[in-house]
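Open the model in your viewer and keep the selection tool ready. The tour goes from one selection to the next.

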Amino acid sequence: MAINFSKKPGLVIYFTAGDPDLETTREMALAAIDHGADVIELGVPFSDPLADGPVIQRASERAVAKGTRLADVLVICKEIRAARPEAGIILFSYLNPVMRFGMEAFAKAAKDAGADGVLLTDMIVEEAEEYLKLMHANGLAPVFLAAPTSPDARLKAIAENSQGFVYAISRVGITGTQTELASDAKGLVERIRKFTKLPIALGFGVSTPEHVRAVVEFADAAVVGSAIVALIEKTPAEEAPRAVGEFVRSLCGGVKTA
Amino acid sequence: MKREDLLHTGAHKINNALGQVMLARRMGKKRIIAETGAGQHGVATATVCALFGLECVVYMGEEDMRRQELNVFRMRLLGAEVRGVNSGSATLKDAINEAMRDWVTNVRTTFYILGSALGSHPYPTMVRDFQRVISKEMKRQILEHEGRLPDVIVACVGGGSNAIGAFYEFLPEANVALIGVEAGGRGMALGEHAARFAPNGGGVPGVLQGTYSYVLQNDAGQVAATHSVSAGLDYASVGPEHAMLHDSGRATYTSATDDEALEATKVLSRTEGIIPALESAHAIAEAIKLAPKMGKDKIMIVNVSGRGDKDIGILTRELDLSGDVTRKVSA
Ligand SMILES: Cc1ncc(COP(=O)(O)O)c(C=O)c1O
């Protein structure tokens, strides 16, 4: 259990947990790991996903409507950990469900569920003192988001306070699929490198095998979210794990190399 | 009464829109976006954009577009594009989500004129500072007319901008009681009101839209739907400075129901000849409850945050005035 991108191409796969249902999320995560995902981001659905485009908004709405709770996501996290001891697992959430659960209780529960790290979209590094203490006390890697608009001083703070990897946002804006990779992306990754030796994963808009190949030329890993969630949206639940596995394999370009 | 309803465009919102558009111009931004609930902030923003020749896009929940139809037309007449939002409960919270998504996507060219004292820093303090003129004027005028400070100030609280503006200059004056009035809606069940500070059935501290404050939510941390007859008070969270004033006890917060606000609208219209906005009518309702308990020599100022023209459609549906004669002059 560790965050490790030593095999190429490095790949992080995002799921909105509970869409279409928790059991299918678990099976899809296992399929993604078996076909080349290095890290799984398990997204806790939220009523107001500010940083997300329409695809993940719809998935969150479906999962919230089904009553998916943070506590349920922790349960499948633990099951995935038990089934795949080597995989990297990050819990992804907006702040509010975590605060309602209780930050300290959450940190302990996340550790207990076998998560490697936590990414809270609206937890900003400037306000993170308490959060960071709890992450450190429980051996969890805090992952922060870095945007192309962030000045160097902020990138430095983000890089220095992240563990596991730094999540670089490929463009200004929200999540969603796109046809072409933003030109901002490479410059941002180079700017972050000045401040850290951590791996850098690039996400937002990374949608196709071509994108993944282009991203790992300059970043350590690609994060694919909306493209996976869109695939799940149009696939019947019972076929989704197989479809996700195949898509992840195609994102890796067939095989991963050491 | 502090008559913010007399401002151009009909509510206190223009104080803030003017301030922020000056900042946008200074920053060289050519495109302006805004969210709106009741439509007053949208109209104020569309107005300042017309004045300065700026592109203007206003996000508005589709439910609010329906119930504040007149303001939708006013915004369009002023040259703004109104974009309907149908996610969530299609009200103010959802419009803010969509405006924030637009903002982060177009931040290099676009300035977001946020309409209340909420959102991420520096909006809560910036909006408060632009609305602070309300209490500056109150203080000067009451000293001129009465030679002393008021005993009570009452204001309605949606996101909290007119209330924080009405309270701010009086915060150090411990003898001036500050009362914020939230939307009590149809009752205290979750989803039926927007009374974030209600002791039973109210919000709990959380983070929504970049603000740490009281948030109406379920026990899984999902933000709750809200209801109010007034679109401008129909919001699940509240400006963070009000949360602080609530916790410190410096201000107190109460609520008025839909029915009380409607009745207050009627009373103010018929006793003073002023038709208030339904938002402001919540403050009037509290004033009507409070006044009989106060001595004749006491001074209460009610902030009339806006005028009620925009609400005539709702009032036509909610109030039956047929055969309702209130004044007869005997021969
Ligand atoms: C007339 C009027 N009063 C009050 C409000 C509530 O907003 P705030 O609490 O920010 O003053 C609105 C919002 O639309 C409004 O139009």
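A cavity is a set of grid points, laid over the protein atoms alone, where a 1.4 Å probe fits but cannot get out. Keep in mind that this model is predicted.

Select the ligand. The space that the ligand takes up is the largest cavity. Now show what lies around the ligand: 19 residues surround it, and the closest are B:Ser116, B:Gly158, B:Gly160, B:Ser161 and B:Ser305.

Next, pick out side chains one by one. B:Ser116 has a polar side-chain atom 2.5 Å from an oxygen atom of the ligand. For B:Asn162, a polar side-chain atom is 2.8 Å from a ligand oxygen atom. In B:His12, a side-chain N or O atom is 3.0 Å from an oxygen atom of the ligand. How much of the ligand does the protein bury? Of the 390 Å² that the ligand exposes when taken alone, the protein buries 97%.

Move to chain A and select A:Ile13, A:Phe15 and A:Val224, which have the most contacts inside the largest nonpolar core, a set of 72 residues. Beyond its neighbours within four places in sequence, A:Phe15 is in contact with residues including A:Met28, A:Leu42 and A:Ile232.

Note on methods
Residues numbered from 1 in each chain as written. Chains lettered and ligands numbered in written order. Predicted model: local features only at pLDDT ≥ 70, side-chain atom pairs only at ≥ 80, totals over all residues. Heavy atoms only, no water. Core = buried A, V, L, I, M, F, W, Y, C linked by side-chain atoms within 4.5 Å. Buried < 20%, exposed > 50% of the residue type's maximum accessible area, 1.4 Å probe, protein only. Contact = heavy atoms within 4.5 Å. Near = heavy atom within 4 Å. Polar contact = N/O pair within 3.5 Å; in protein donor to acceptor, adjacent residues only side chain to side chain. Areas by Shrake-Rupley, 256 points an atom, 1.4 Å probe, with all protein chains shown as cover. 1 Å grid on protein atoms, 1.4 Å probe; cavity = no way out; pocket = protein on both sides within 12 Å on 5 of 7 lines; lining within 4 Å. Sits in = over half its atoms within 2 Å of the grid points.
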